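Please read the points with the coordinates open.

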Amino acid sequence: MLIYEGVQTQSRISEQLCLSRQTLNSAFKLLVKKDLIRLEPLETDQRTKRAILTSAGQELAERIAGDMHYIEGQAWGKLEKNEQEMLAKLTQKYACVLKEILSAVKN
């Protein structure tokens, strides 16, 4: 889904998923074998490859995104209005705290 959302390099994807490059490389090989992605070198750095969804990969990603959107909408609809507001506020606060901690760890 990250590739679908525009994240393309193995480095960026491994960062966002907190996976080792070796683990991600194994996953990429499987996705290439299943014809869901193809890997192409960046124009600016031939050593770095970007992952691009094939048409089959694009269709799968769109189907999964649609399914997840529907499921999340169903779950959200089962919450009371005040619960929705509380969840949104807490999720935003949690994301900010995570960002602060990650920033401190990187420095």
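The numbered points below treat the helices, their connecting loops and a few individual residues.

1. The structure under discussion is a predicted model. Every remark below should be read with that in mind.

2. Packing of α1 and α2. Helix α1 covers residues 10–17 and helix α2 covers residues 21–33. The two helices pack at an angle of about 115°, and their axes are 10 Å apart. Because angles of 65 to 115 degrees count as roughly perpendicular, α1 and α2 are placed in that class. The handedness of their crossing is right-handed.

3. Residues at the α1 and α2 contact. On the side of α1, the contact is formed by Gln 10, Ser 11, Ile 13 and Ser 14. On the side of α2, the contributors are Arg 21, Leu 24, Asn 25 and Phe 28. By residue class, this contact is made up of three nonpolar, four polar and one charged.

4. Arg 21. This residue belongs to helix α2. With a relative accessible area of 48%, Arg 21 is partly exposed. When neighbours within four places in sequence are set aside, Arg 21 is in contact with Gln 10, Ser 11 and Ser 14. A C-alpha to C-alpha distance of 17 Å separates Arg 21 from Gln 46, and the two are 25 residues apart in sequence.

5. Cys 18 has a positive phi of about 55°, although it is not a glycine. Cys 18 counts as exposed because its relative accessibility is 71%, the threshold for that class being over 50%. Ser 20, in turn, is partly exposed, at a relative accessible area of 35%. Ser 20 and Gln 10 are 9.8 Å apart in space, C-alpha to C-alpha, and 10 residues apart in sequence.

6. Helix α2 has 13 residues, and the distance from its first C-alpha to its last is 18 Å, close to the 18 Å expected at 1.5 Å a residue. Asp 35 is found in the loop between α2 and β1, the strand of residues 37–41. At 47% relative accessibility, Asp 35 counts as partly exposed.

7. Thr 9. This residue lies in the segment before α1. Is Thr 9 buried or exposed? Thr 9 is buried because its relative accessible area is 14%, where the limit for burial is under 20%. Apart from its neighbours within four places in sequence, Thr 9 is in contact with Leu 42, Thr 48, Lys 49 and Arg 50.

8. Helix α4. Residues 81–106 form helix α4, which has 26 residues. From its first C-alpha to its last, α4 reaches 38 Å, close to the 38 Å expected at 1.5 Å a residue. How many of the 26 residues of α4 are buried? The number is one, so α4 lies largely in the open.

Notes
Residues numbered from 1 in each chain as written. Predicted model: local features only at pLDDT ≥ 70, side-chain atom pairs only at ≥ 80, totals over all residues. Heavy atoms only, no water. Helix = DSSP H or I, 4+ residues; strand = E, 2+ residues; numbered from the N terminus. Buried < 20%, exposed > 50% of the residue type's maximum accessible area, 1.4 Å probe, protein only. Axes fitted to C-alpha atoms, helices over the stretch in contact; angles between N-to-C directions. Parallel < 35°, antiparallel > 145°, perpendicular 65-115°, else oblique. Left-handed = near helix turned anticlockwise from the far one by under 90°. Contact = heavy atoms within 4.5 Å. Nonpolar A, V, L, I, M, F, W, Y, C, P; charged D, E, K, R; others polar. Expected span 1.5 Å × (residues − 1).
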